[in-house]
Amino acid sequence: MFFAWQKFAPMLFNSEGFFFFFVVVFILYYLLPHPRRWVLLLVASYYFYAQWNAAYLALILFSTLVDFWAGKKMAALPEQSARRPYLYLSLLSNLGLLFTFKYANFLGDSINELIGGEAPFVPHIELLLPVGISFYTFQTLSYTLEIYYGRLQPSMHLGKFGLFVSFFPQLVAGPIERSGHLLPQFERKVTFDYERVAHGLHLVLWGLFKKVVVADRLALFVNEVYGHPDQYAGLSIVLATLAFAFQIYCDFSGYSDMAIGLARMLGFDLMQNFRQPYLATSLADYWRRWHISLSTWFRDYVYIPLGGNRVVKWRWYYNLFLTFLVSGLWHGAAWTFVIWGAIHGLILVVEQMTGISGEKGKRFTLGVRLFRMGYTFVVVCVAWIFFRAACVSDAFALIGQVWEPTKEPLSWRMMGNQPLELMFALAGVLFVCGADIFVELRGKNQDIRHYPLGLRWVWYMVLLSGIAFLGVFEDQAFIYFQF
C-alpha cells in the first residue's frame, strides 16, 4: 500500500513543477488587489488538485456545495433538532463519498474472505482513491458540525468557502483546519511582509530537509526490509522499525512544516501539527504532540460527543478506545491500521487506569523523564510495525522474527549499495533529534526570528547545503497522501 501514489504525483512539494507553480502564484498574489486574491487562490487550488486527477475535482465541488447549503439552512433554524436533517445530509454526503472510495472494497473483501468460496460474494470495484479525501472531508465536516452546535455562523461567500475546503498548501495532507480559524483569514487584508515571508521560507526549507535528506533516504532501508519480511530477522527488523519511526515523522512533519510555511508566505496562519512527539512522556502526551489537527478533531467530534470522561469509568475507557479504533480506520482501509489504532487505544486506557498518563505539563526528574520517554517510544514503535506492514500476517511474522537470529546480515544493499547512504541517514536523524531537543528546552522562545541574524543565516546555509548535496530527489510521494 505504501508509496502507491508515486505515479500519480506530478505536484509534490518536493518537485520542480510545484516550485514554479508556487512562484507564479506568490508573485500574482501580491500584485493583485486584496478583493481579487481569493479568486487566484481558488483557481490555483483547483489547478493544483487537477494535476492529480481532474475528474475528482467533482468530489471537492460536491462536498463544497452540499456543506455550504446545509450550513446556511442550519443557521436559519434555532433548534438543534430542526438542524439535524441538514447535518445528516452533510454527514451522509461526505462520509458516503469517503466510504465509497476508501472503504467499500475493504468491507467487500473482508466479507468475501469470511464467507469463502471460489467466486467473490461481493464484487471488487476498481476505484482510484482520491488523494487527500480523508483530509478535506473532515475539514468541511467540522464546518457543518460547528454550525450544528451553534458555535459558528455560516459563510455567506461560496467562493471563499470553496477556498477553505480546497486551500492548496494543506489540501492533500493537512493540517486539518477549522473553519473558525481559517475562513476569517480570507477576509483579512495582507500586505507583503519580509519577516513573515522569510519565516515561512524557513519552515519550507526545514520541512524539505526532513523530507528529502532524512525521510526519503531512510525509505531505502525500510522498504527493503518491510518489502521482504521473509528475508530478515533480529536486528534488521529492529533497525528497520526504528528507521520507519523517523521516516514517517520526518515525512509527515516535513509536509506539515512546508504547508504551514507556504501558507505563511501568503499571509495565512495554519495550526501547528507536530510538537516534538518522540519526546513525549506518555502515550497521552504523545497524542498531544503528534498529528495535532487530527487528534483534536477526533477529540471534539467523536470522543466528546460520546461522553468523553464525563461518564462512568467503564464508559470513559470505552469512549477512549473506540475513538482510537476509528482513528486507526481513518488512516487506511486495512486491518493493520485497525490493529494500530486498537494498540494505541488499549495502552491509553491502561495509562488512565494506572495513572501513567500523568498530568499535562507535569515535570519529572531527568531519570524518570528518560524512562517514560523510552517506554512511550517503544510502544509507538511496536504499533508502527502494524502501520507499516503490508498485511497483518506480515506484521506478526516480523514481530516473531525479531527474536530469531539475523537471517540476512546488515549490508549496504539495503541502502541501495551506497555505503554513505546509511551514514547520511543516521546523521540526518541525529540532526532532527538535536533540533527537537533544542526546541523543547527553549520552550516558547523557538521562533527563529528571535535569534541573531548571523546565527539565522548559518542555519539557512546548513539546510540549503544539506538539501542540495544530500537530498534524494526522486519525487517520492509523502506517506500521508495515501490517507
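Author: Contact here means heavy atoms within 4.5 Å. The model is predicted.

Reader: Which residues of helix 11 and helix 12 meet?

Author: From helix 11, Leu-294, Phe-298, Val-302 and Tyr-303. From helix 12, Trp-316, Asn-319, Leu-320, Thr-323, Val-326, Ser-327, Trp-330 and His-331. By class, this contact has eight nonpolar, four polar and no charged residues.

Reader: Why are helix 11 and helix 12 called oblique to each other?

Author: Take the angle. The axes of helix 11 (residues 292-303) and helix 12 (residues 313-331) cross at roughly 130°. Roughly antiparallel needs an angle over 145 degrees, and roughly perpendicular runs from 65 to 115. The value of roughly 130° falls in the rest, which counts as oblique. Helix 11 and helix 12 are therefore oblique.

Reader: How far apart are the axes of helix 11 and helix 12, and what is the hand of the crossing?

Author: The axes come within 10 Å. Helix 11 passes helix 12 in a right-handed crossing.

Reader: What makes helix 3 roughly parallel to helix 5?

Author: The angle again. The axes of helix 3 (residues 57-75) and helix 5 (residues 133-148) cross at roughly 5° and come within 9 Å. Angles under 35 degrees count as roughly parallel. So helix 3 is roughly parallel to helix 5. Residues of helix 3 in the contact include Leu-59, Ile-60 and Asp-67, and among those of helix 5 are Tyr-136, Thr-140 and Ile-147. The contact of helix 3 with helix 5 divides into nine nonpolar, four polar and one charged.

Reader: How do you know which residues line the largest cavity?

Author: A lining residue has an atom within 4 Å of a point of the cavity. The lining of the largest cavity includes Tyr-29, His-34, Trp-38, Leu-163, Gln-185, Arg-188 and Phe-268. Helix 2 (residues 34-53) gives the largest share, four residues. By class, the lining has seven nonpolar, two polar and two charged residues.

Reader: What is the omega of the peptide bond that joins Gly-174 and Pro-175?

Author: Omega is about 5°, and the bond is cis. Pro-175 lies in the loop between helix 6 (158-166) and helix 7 (179-182).

Reader: What is phi of Gln-276, and where does this residue lie?

Author: Phi is near 45°, a positive value in a residue other than glycine. Gln-276 sits in the loop between helix 9 (235-265) and helix 10 (283-286).

Note on methods
Residues are numbered from 1 along each chain as its sequence is written. This is a predicted model: local features need pLDDT of at least 70, side-chain atom pairs count only at pLDDT 80 or more; totals for chains, interfaces and linings use all residues. Side-chain values use heavy atoms; hydrogens and water are left out. On a 1 Å grid over the protein atoms alone, a cavity is a set of points where a 1.4 Å probe fits but cannot get out, and a pocket is an open set with protein on both sides within 12 Å along at least five of seven lines; lining residues have an atom within 4 Å of a point. Helices (H or I, at least four residues) and strands (E, at least two) are DSSP runs, numbered from the N terminus. Ala, Val, Leu, Ile, Met, Phe, Trp, Tyr, Cys and Pro count as nonpolar, Asp, Glu, Lys and Arg as charged, and the others, Gly among them, as polar. Axes are lines fitted to C-alpha atoms, for helices over the stretch in contact, and angles run from 0 to 180 degrees between N-to-C directions. A crossing is left-handed if the near helix is turned anticlockwise from the far one by less than a right angle, and right-handed if clockwise.
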